[in-house]
Amino acid sequence: MSKKALITGITGQDGSYLAEHLLSLGYEVHGLVRRVALEDAARRFTRITHLLERVTLHAASLESYPSIFHVISRHDFDECYHLAAQSFVAESFADGFSTMNTNINGTHYMLAALRELRPQCRFYFAGSSEMFGKVAETPQRETTRFHPRSPYGISKVAGFDLTRNYREAYGMFCASGLLFNHEGPRRGYEFVTRKITSTAARIKLGLATELRLGNLDAQRDWGHAKDYVRAMHLMLQQDTADDYVVATGETHTVREFCRRAFAEVGLNYEDHVHVDERFLRPAEVDLLVGDASKAKQELGWEPEYTFGEMIREMVQADLEEASKENGQTVSARGV
Ligand code: G4F
């Protein structure tokens, strides 16, 4: 009998890679999606178009306990990966209330519905290195004290605490991944890596001239999302539930990312990148670098992509994307 997994956030970068991974392992994969997404499939399902025949989608909202309860009551899930969230840190400063509502209540609704209906279902919570915020030590590990610096980070600390509390109070198998930044060609354009690679490609093809960014000195531990979803799955295959840092152990500045991405297309970032105060944050997380020793030892997890390989893959994908746009622009002008 194949295992049945439910993924919230299946249309996102991590959800789409995780769905592919679980399908490759023989899982029956289900996803929670908002009804508006079902009604606008062509635009909202771009990352899972190739999977639509192989996954089962259910309409539900993280803001509605009854809708979550309804889906979980109808399927005997073995594993639940709770990835859905408002995950853009800058947006959480703009509207902290909706970030808190969605992220904290959404996690609580998932846990409460599982406790009520499927207490044996294993639960994964997508924690974040943003929880370390103003870091108490370097590198950051599972025991590092949290000091979140944004409503998003605070919401993730609350979700992490809820997850641990369901594990301790009700004996449920609830694990959290403390995932450092993870990227790839499916990353949203609002995040700095994709903003850089997509704009570098557009500049190269004459579709843009400049890139406006905020803090170039922030340092991040950037891995590839494809590697990180394997760690999520491994966490739910252990004998006991626990929390794990997932990171590469390397850190790079935003400036360094720019330099390497622009170099991939033969350009000098200094000719195109400008600092724009609009992209600075009220409180910044200056330095993140994770120690994933526990995940390596206990889960047998290792990242496969190097930093350079990840940037190359992203730039290549964005060059292909921009070439299509270029072609369309040319033909549209031609008409
Ligand atoms: O790409 P970012 O927006 O990612 P951030 O804030 O580190 O958060 C991401 O990683 C977390 C894991 O640690 C996740 F939990 C979270 O959901 C998200 O996936 O920004 C990275 C850095 C920041 O220091 C930011 O200030 O890049 C800096 N930055 C500089 N200019 C910019 C820009 N970030 C964005 N998005 N846009 C800019 O123009």
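Reply: What follows looks at helix 8 and its surroundings, then at the chain as a whole. The model is a predicted one.

Helix 8 covers residues 192-204, 13 residues in total. From its first C-alpha to its last it reaches 18 Å, close to the 18 Å expected at 1.5 Å a residue. The buried stretch includes T193, R194, K195, I196, T197, S198 and T199. A200, A201 and I203 are buried as well. An α-helix has 3.6 residues a turn, so residues three or four places apart point the same way.

Past the end of the helix, G206 takes a positive phi of about 75 degrees. A208 then lies in the loop that runs between helix 8 and strand 8, the strand of residues 211-213. Once its neighbours within four places in sequence are left aside, A208 is in contact with R202 and I203. I203 is also one of the buried residues of helix 8.

Helix 1, residues 13-24, can be read alongside. Helix 1 has 12 residues and reaches 17 Å from first C-alpha to last, close to the 16 Å expected at 1.5 Å a residue. Helix 1 is mostly covered, with 10 of its 12 residues buried. Among them are Q13, D14, G15, S16 and Y17, and also L22 and L23. Just after helix 1, G26 takes a positive phi of about 90 degrees.

Now the whole. The protein chain has 12 helices and 13 strands. Its radius of gyration is 20 Å, close to the 20 Å that the globule rule gives for 335 residues, so the chain is as compact as a globular protein of that length. Along the principal axes, the C-alpha atoms fill a box of roughly 55 × 50 × 40 Å. Of the 335 residues, 51% count as buried. Among contacts in the chain with a separation of 6 or more, 80% are between residues 24 or more positions apart. The accessible surface comes to about 15,100 Å², and 47% of that belongs to carbon and sulfur atoms. The chain has 39 positive and 46 negative charges, whose mean positions are 2 Å apart.

Terms used. Residues are numbered from 1 along each chain as its sequence is written. This is a predicted model: local features need pLDDT of at least 70, side-chain atom pairs count only at pLDDT 80 or more; totals for chains, interfaces and linings use all residues. Side-chain values use heavy atoms; hydrogens and water are left out. Helices (H or I, at least four residues) and strands (E, at least two) are DSSP runs, numbered from the N terminus. The expected span of a helix is 1.5 Å times one less than its number of residues. Buried means under 20% relative accessible area, exposed over 50%, partly exposed in between (1.4 Å probe, protein chains only). Contact means heavy atoms within 4.5 Å. The radius of gyration is taken over C-alpha atoms; the globule rule is 2.2 Å times the number of residues to the power 0.38. Accessible areas come from the Shrake-Rupley method with a 1.4 Å probe; for residues, only the protein chains shown count as cover. Lys and Arg count as positive and Asp and Glu as negative; His and the chain ends are not counted. The place of a charge is taken as NZ of Lys, CZ of Arg, CG of Asp or CD of Glu.
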